[in-house]
Amino acid sequence: MASKRARPGKLHLFLAAAPGAGKTYALLAEGRRRPALGADVVIGLAETHGRADTKAQVRDLEAIPQRRVPYRGTAFDELDVPAVLARNPRVVLVDELAHSVIPGGRHDKRWQDVEELLEAGIDVVSALNVQHLESMAEMAGKLTGVAVGETVPDAFTGAADRVDLLDVDPETLRERIARLYPPSTAKRALTGYFRPQNLAALAALGRRWIREHGFGPTASQPSGAAG
């Protein structure tokens, strides 16, 4: 079990076995829950992927404008850390914790952006997939046949104040992928990464990581989650 390192801000993570399990939906739903408890909440970054049920969770939540970064002829949106620090909310929602930041930012990795926000005393709610946990990446790559290029150190994730595993059964997740993806893409995904045995094994890795790091039971997934 990793020791929980004291931080001025608290970190709440949603962990999923695979894409499509509902991380962003859960992230935003948590963001909607916190104001009822008196918290000042903003969205730093949320990847809704255009999914209507996930986008509906944004509603009247305040969103910090993202930093537009030109790179190799294309522009990308990144978390604007200075803007979040200037706004100084109680809680900020930051999706895709394992993301590599486009060159030119304050840090190379989004988890380092999050660490800066935590050190400033801001609570962060974030999300990632099991394969991006540093200690699980190699095993996840062997199971799925897909190399994992982005990871988050266990020293960081293991020091979170709360981690909820979105433990969706494989068939439900496969049905969701078939519904959300274009037919040709869905067929490749369902016969590759999203094979039932892969999803079951990834979920088992997530449950193992949760136990090894001393976190509580897995979380029930919000109704309608698809992001």
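1. Asp154 is found in helix H6, which spans residues 154–157. The model is a predicted one, and the points below should be read with that in mind.

2. Asp154 is buried yet forms no salt bridge. The nearest side chain of opposite charge belongs to Arg208, 9.3 Å away, whereas a salt bridge requires a nitrogen–oxygen pair within 4 Å.

3. What does Asp154 touch, apart from residues up to four places away in sequence? Its contacts are Leu133, Glu134, Ser135, Ala159, Trp209 and His213.

4. Leu85 is found in helix H3, residues 81–87. Leu85 has a relative accessibility of 25% and therefore counts as partly exposed, the class between buried, under 20%, and exposed, over 50%.

5. Leaving aside neighbours within four places in sequence, Leu85 is in contact with Arg106, Glu116, Leu117, Ala120 and Ile122. Arg7 lies 78 residues from Leu85 along the chain, and the C-alpha atoms of the two are separated by 16 Å.

6. The largest pocket holds about 370 Å³ of space. It is lined by 21 residues, of which Lys23, Glu47, His49, Glu96 and Asn129 are the closest to its centre.

7. Two elements give two or more residues to the lining of the largest pocket: helix H1 (23–33) and strand S5 (74–78). Of these, S5 gives the most, with three residues.

Key: Residues numbered from 1 in each chain as written. Predicted model: local features only at pLDDT ≥ 70, side-chain atom pairs only at ≥ 80, totals over all residues. Heavy atoms only, no water. 1 Å grid on protein atoms, 1.4 Å probe; cavity = no way out; pocket = protein on both sides within 12 Å on 5 of 7 lines; lining within 4 Å. Points joined across faces, edges and corners; volume = space filled by probe spheres on them. Helix = DSSP H or I, 4+ residues; strand = E, 2+ residues; numbered from the N terminus. Buried < 20%, exposed > 50% of the residue type's maximum accessible area, 1.4 Å probe, protein only. Lys, Arg positive; Asp, Glu negative; His and termini not counted. Contact = heavy atoms within 4.5 Å.
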